[in-house]
Amino acid sequence: MPSPILLKDKVGMNGLGAGVWNLGPGTDPFGGPTRDAIPMLDRLPMLADAGMTYYEAHDTEITAADAPKAAKIAKSLGLKCAMYTPSFFTATEFKDGAMSSNDPAIRKKGLENALRAVDTTALLGAKTMVFWNGREGFDFVLAKSGREVVKRLVEGFNKVGAYARKNYGTKIKFAIEPKPNEPRANMYLANVGEVLYLISRLDADVQPIFGLNPETAHSRIAGLDYTWDIELCLEAGKLFHIHLNAQDGQRYDQDLPFGYTEPLKDLALCVVLQDAKYAGPICFDVKAPRVDDPANISDVLTVSSRNLVWLWERALEVDRKKIQAFRAENRLTALSGYLAECLYGR
Ligand code: XLS
Ligand code: MG
């Protein structure tokens with residue numbers, strides 16, 4: 001088994017992670033699978049083989065019932081669970097959202113699923129449960145009252161937070177993952193700012209256990225700068241988790257290998273994470289492309305990891321004093337040229 005990939009001088013949790021869903025059968029909205037679906041638990045050794053230290057899963061992939069078995073397999077592979085997450089987007093009953101649904105019975109069901117997922121998160125030994133906004137959104141204006149939705153989200157997250165505090169103290173934290181659209185035309189909690197606002201509305205005792213999981217592609221789909229999104233979370237003390245990938249412009253969510261489309265910006269991201277001494281996990285949320293053959297399904301992870309290691313090591317060499325000097329002299333084009341030199345010039 002290859003040794004886990006580590007980032008030089010990374011503070012806190014080192015090693016990389018990925019989701020079991022990253023190694024899917026190649027289904028897209030226009031066509032079925034192009035590869036046989038690999039059973040979820042069989043994907044754990046594949047993640048370890050690809051040099052991952054952490055795995056991640058939805059409650060539909062590793063169910064509460066399968067969790068003890070998954071934990072055992074993971075342990076034998078030296079893998080740890082970085083995060084676990086309830087799927088509020090697969091089941092048809094959540095077609096119009098869970099926490100934000102107009103139907104109180106669906107909101108109750110969503111809450112029950114979330115509380116069960118908190119217990120499974122703990123069982124798997126993960127410190128973080130992620131909430132991706134998924135189907136929390138609207139396709140038609142006035143389909144929901146937006147003002148009501150804020151109250152519903154606050155109420156739902158307060159209840160989940162209170163449950164976690166009561167049963168696990170501060171051991172389990174929540175990272176909300178914003179996305180602007182897809183699968184809904186408009187999603188609530190669309191960006192980092194919206195999530196920070198939501199957290200500011202939560203009860204004071206649960207606020208400390210709520211933070212964010214910003215994903216590269218989700219910022220870029222919205223035309224936003226991912227590094228700034230990360231900086232904002234850091235400044236707020238809310239960068240609990242990270243999903244790295246790449247996105248080729250403002251279109252459907254591609255989950256491309258990290259480092260593929262905007263390496264210079266990804267280099268700057270590494271500088272920011274290093275300077276902030278970010279101690280949390282760094283995980284990929286990438287998608288094995290539909291065209292890749294079964295034998296090469298893990299390429300998306302190995303390419304992402306290599307790109308990250310290269311960029312991370314180059315970022316360590318970026319002369320911070322030079323950045324300060326360029327800022328002081330207002331030579332901002334030259335600053336971008338210096339970053340390009342660090343990236344391409346040696
Ligand atoms: C989808 C999201 C999803 C979350 C986990 O766009 O990135 O994969 O990370 O539910
Ligand atoms: Mg993600």
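Visitor: How many Å separate an oxygen atom of ligand 1 from an N or O atom in the side chain of Asp 285?

Guide: A polar contact to a ligand is a pair of N or O atoms within 3.5 Å; in this predicted model, an oxygen atom of ligand 1 lies 2.7 Å from such an atom in the side chain of Asp 285. Ligand 1 also has an oxygen atom 3.1 Å from a side-chain N or O atom of Asp 253, and one 3.2 Å from that of Lys 179. The protein covers 93% of the 290 Å² of accessible area that ligand 1 has on its own (Shrake-Rupley method, 1.4 Å probe).

Visitor: Which residues coordinate the magnesium ion (ligand 2)?

Guide: Donors are N, O and S atoms within 2.8 Å of the metal, or 3.2 Å for Na, K and Ca, and water is not among the atoms, so sites may look incomplete. Here Glu 177 (OE), Glu 215 (OE), His 243 (ND1) and Asp 285 (OD) coordinate the magnesium ion at 1.9 to 2.4 Å, with the sequence spacing E-x37-E-x27-H-x41-D.

Visitor: Why is the arrangement around the magnesium ion (ligand 2) irregular?

Guide: Six donors count as octahedral if opposite donors are over 155 degrees apart and all others between 65 and 115. The 6 donor atoms here subtend angles of 77 to 170°, which makes the arrangement irregular.

Visitor: What conventions apply?

Guide: Residues are numbered from 1 along each chain as its sequence is written, with chains lettered from A and ligands numbered from 1 in written order. Local features need pLDDT of at least 70, side-chain atom pairs count only at pLDDT 80 or more, totals for chains, interfaces and linings use all residues, and side-chain values use heavy atoms, without hydrogens and water.

Terms used: A polar contact is a pair of N or O atoms within 3.5 Å; within protein, one must be able to donate a hydrogen and the other to accept it, and residues adjacent in sequence count only if both atoms are side-chain atoms. Four donors count as tetrahedral if all angles lie between 85 and 135 degrees; four count as square planar and six as octahedral if opposite donors are over 155 degrees apart and all others between 65 and 115; anything else is irregular.
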